[in-house]
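Work through the exercises below with the sequence and the model side by side. Try each task before reading its solution.

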Amino acid sequence: MTRRVLDYYIAHRHERLGQVRAALAAGARTPAEVVEVVYADVDRAVWPAAEVSVRAQLDYLRANPLPRSLAQSLGVQDED
């Protein structure tokens, strides 16, 4: 894999985490609700796989919460 591909993938993962945080801030409470928001423009046939990914992202966010000041400035609140 080239460096450019890896950089793209890492940037995409960070973007998705931001979208998951935004979905939570907008009121999504379950992985399925997050998928409905974040993957709205993706074929529903892949939503089951997307939900597995979202569950992993939620686990990551619980283990690595944003500092309170950053969360407030972004308008999100990480769940405890």
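**Exercise 1.** In which helix is the place of Tyr9? Then decide how exposed Tyr9 is.

Solution. The model used here is predicted. Step one: helix α1 spans residues 3-25, and Tyr9 lies in α1. Step two: the relative accessible area of Tyr9 is 48%. Step three: buried means under 20% and exposed means over 50%, so a value in between counts as partly exposed. Tyr9 is therefore partly exposed.

**Exercise 2.** Find which residues form a nonpolar patch on the surface.

Solution. The patch consists of Met1, Val5, Leu6, Tyr8, Tyr9 and Ile10. Together these residues have about 700 Å² of accessible area.

**Exercise 3.** Which residues of helix α2 are buried, and why do they lie on the same side of α2?

Solution. Step one: α2 covers residues 31-38, and its buried residues are Pro31, Val34, Val35 and Val38. Step two: they share one side of α2 because they cover an arc of only 100° around the axis. Step three: an α-helix has 3.6 residues a turn, so residues three or four places apart point the same way. Step four: the buried residues of α2 pack against α1 and against α3, which spans 47-63.

**Exercise 4.** Describe the protein chain as a whole.

Solution. Step one: the chain has four helices and zero strands, in the order α-α-α-α from the N terminus. Step two: 28% of its 80 residues count as buried. Step three: the accessible surface is about 5,800 Å², and carbon and sulfur atoms account for 55% of that surface.

Methods:
Residues numbered from 1 in each chain as written. Predicted model: local features only at pLDDT ≥ 70, side-chain atom pairs only at ≥ 80, totals over all residues. Heavy atoms only, no water. Patch = residues over 30% accessible without salt bridge, like charges linked within 9 Å, V, L, I, M, F, W, Y side chains within 5 Å. Areas by Shrake-Rupley, 256 points an atom, 1.4 Å probe, with all protein chains shown as cover. Salt bridge = Lys/Arg side-chain N within 4 Å of Asp/Glu carboxyl O. Helix = DSSP H or I, 4+ residues; strand = E, 2+ residues; numbered from the N terminus. Buried < 20%, exposed > 50% of the residue type's maximum accessible area, 1.4 Å probe, protein only. Arc of directions from axis to C-beta. Contact = heavy atoms within 4.5 Å.
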